[in-house]
Amino acid sequence: MSIEAIIFYVFAAILVASAGAVVTVRNPVHAVLFLVLAFFTSAALWILLEAEFLAITLVLVYVGAVMVLFLFVVMMLDINLVPLREGFMRFLPVGIVVALIMFIEMVMVVGAKNFGVDHYGEGIKHAADYSNTKELGNVLYTVYVYPFEIAAAILLVAIIAAIALTMRRRPNTKSQDPAKQVLVKRGDRLRILKMAAERKDTAGE
Amino acid sequence: MIETLEMGLGMLPEVILIVLKILLIVIPIMLSVAYLTLAERKVIGYIQVRIGPNRVGPRGLLQPIADGLKLFLKEIIVPTNANRFLFVIAPILALAPALAAWAVVPFGEGLVVADIDASILYILALTSMSVYGIIISGWASNSKYAFLGALRSAAQVVSYEIAMGFALVGVLLAAGSLNLGEVVRAQDGSFLHWFWLPLLPLFIVYFLSGVAETNRAPFDVAEGESEIVAGFHVEYSGMAFALFFLAEYANMILVAILAALMFCGGWLSPFQGIPLLEPLFSWVPGLVWVLAKTSFFLFLFLWFRATFPRYRYDQIMRLGWKVFIPITIVWLLVVGAAVLANLSPWFD
């Protein structure tokens with residue numbers, strides 16, 4: 001067994017264990033943290049495949065941003081776990097059947113028949129000066145430029161749709177507008193008057 | 001199996017060499033962190049017309065050692081209903097990415113532990129992970145103040161990461177590489193060739209986002225002493241507390257050295273291309289220039305803290321989303337056009 005194989009099996013074991021823990025641990029915050037570990041470990045596996053750009057981007061986007069927001073939401077939820085666990089035994093047979101069907105389907109699609117080594121040939125080991133980022137950029141902006149742009153447009157539409165669906169402007173809420181606040185000038189708030197000096201000793205003497 | 005063992009033994013000298021290199025970086029960082037805290041107190045002291053710490057050792061020079069020793073000997077108190085495991089692991093999660101990012105930082109021509117191709121991306125990815133230390137500590141402490149600090153910090157760091165990422169895309173466009181060494185080499189010429197000039201808006205956005213990203217004043221709402229006591233680390237004491245500080249200061253130094261490398265010519269001499277001064281200063285090693293530029297940016301951190309009042313939270317968000325991100329997007333278009341036009345003297 002080579003060093004690469006040992007490293008692969010260690011990371012693969014951590015990945016499978018943490019992915020399993022995501023769906024089995026009771027505390028939702030722990031589940032999210034296991035998901036972070038799963039993402040990080042799969043990034044390490046991608047680095048083994050010399051796909052360092054994808055691996056680092058996975059950490060940057062999913063671990064650094066998406067999962068932070070996930071954690072943000074999960075930590076603020078006050079979930080009562082007891083009603084969630086009710087009827088576990090009742091739904092167990094249905095769950096097992098669904099899980100089995102999904103498993104068989106995935107094996108049929110993702111199995112060695114379609115994604116085996118003989119479909120792709122041996123992986124080529126590149127020299128140290130091989131730049132995965134450059135290769136990826138070249139392909140992405142030449143051969144796949146239209147799919148890439150279409151994907152970007154779809155994601156943009158999704159962002160706008162998500163904001164449009166969730167943003168509610170409630171009437172009668174009081175809020176500050178910082179953009180207006182920073183534009184305030186002295187002249188809007190303060191008036192300096194010029195007036196003649198007044199004498200104190202006029203009346204009462 | 002025996003084969004594997006033999007291979008492992010063959011790699012042993014290399015592993016020892018790497019460990020030595022790591023120690024050569026981590027120990028000076030720890031010392032710089034210690035003395036940065038002293039510099040901070042002294043600089044802010046003089047700005048406020050005080051003397052600052054001057055009791056321990058000559059001119060207060062042993063103060064960081066005394067502080068470190070004190071924190072080391074203090075008891076670590078775990079709050080009653082805290083999540084024990086996460087409470088202990090949070091400071092480690094804050095410090096580890098802050099140190100790991102240093103692996104790809106070049107200190108001079110070829111002076112780098114891991115000369116990887118996508119080093120800017122690697123640094124961005126690792127620094128984005130340091131927010132976990134803050135969030136987890138805030139949640140695991142089971143305290144309202146800590147939790148508020150954690151939530152504020154999470155939103156702030158994620159927001160400013162976008163502006164920072166865009167600013168780095170500008171650097172990548174200008175240098176044509178994601179490797180930090182290549183970025184410095186692309187700035188060769190004179191101090192007018194450095195990227196601070198063609199990328200001036202991105203430079204300012206990068207540095208201010210760096211200040212926000214490290215939760216330093218005036219963007220330090222994660223701590224906010226006057227509002228939420230001390231924010232995310234209010235329940236921590238002793239060495240666990242010290243680790244958060246180590247992480248914060250290590251991140252500050254990282255942001256400063258990256259600003260020096262990406263926008264101010266890194267190890268290149270500022271007198272390059274000037275007739276009389278260039279030969280006069282040609283004996284100065286590149287490391288000195290890197291450290292001098294880094295120190296300047298660190299001084300800016302301290303200066304900001306002594307000068308500006310804390311931002312209001314909604315204004316921090318407005319600055320990040322509505323000011324910095326549009327600026328960076330517009331300037332990316334400008335840089336792209338300049339690179340295509342081979343604008344002299346930077347992009348020819």
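The contact between the two chains takes 29 residues from chain B and 31 residues from chain A, where contact means heavy atoms within 4.5 Å. This is a predicted model, in which local features need pLDDT of at least 70 and side-chain atom pairs count only at pLDDT 80 or more, while totals for chains, interfaces and linings use all residues. Residues are numbered from 1 along each chain as its sequence is written, chains are lettered from A in the order in which they are written, and side-chain values use heavy atoms, without hydrogens and water. Here is a short tour, starting where the chains meet.

**The interface**

- Chain B and chain A bury about 2,700 Å² between them, 75% of it on carbon and sulfur atoms; buried area is the accessible area (1.4 Å probe) that two parts lose on being put together, summed over both.
- On the side of chain B that touches chain A, α1 (2–10), α5 (119–129), α6 (131–140), α7 and α14 each supply at least two residues. Helices here are DSSP runs (H or I, at least four residues), numbered from the N terminus.

**Helix α14 of chain B**

- Helix α14 covers residues 313–340, and its end C-alpha atoms are 40 Å apart, in agreement with the 40 Å that its 28 residues should span at 1.5 Å a residue. The expected span is 1.5 Å times one less than the number of residues.
- α14(B) bends by about 30 degrees at B:L319; the bend is the angle between axes fitted to the seven residues ending there and the seven starting there.
- Among the buried residues of α14(B) are B:L319, B:G320, B:F324 and B:L332. Buried means under 20% relative accessible area, exposed over 50%, and partly exposed in between (1.4 Å probe, protein chains only).
- The buried residues of α14(B) pack against α10 (178–182) of chain A, together with α7 (144–175) and α9 (200–213) of chain B.
- After α14(B) comes B:N342, with a positive phi near 50 degrees.

- B:S237 sits in the loop between α10 (225–228) and α11 (238–263) of chain B, and counts as buried at 18% relative accessibility.
- Beyond its neighbours within four places in sequence, B:S237 is in contact with B:E75, B:I76 and B:I77.

- B:I123 belongs to helix α5 of chain B and is buried, with a relative accessible area of 5%.
- Leaving aside neighbours within four places in sequence, the contacts of B:I123 include B:V104, B:L180 and B:L254.

**Salt bridges**

- Over all chains, the structure holds 8 salt bridges.
- One of them joins the side chains of B:R216 and B:E40 (2.6 Å, N to O). The two residues are 176 residues apart, with B:R216 in the loop between α9 and α10 and B:E40 in helix α2 (residues 12–47) of chain B.
- B:R310 forms a salt bridge with B:D220, with the closest N and O atoms 2.8 Å apart. B:R310 is partly exposed at 25% relative accessibility, whereas B:D220 is buried at 10%.

Note on methods:
A salt bridge is a side-chain nitrogen of Lys or Arg within 4 Å of a carboxyl oxygen of Asp or Glu.
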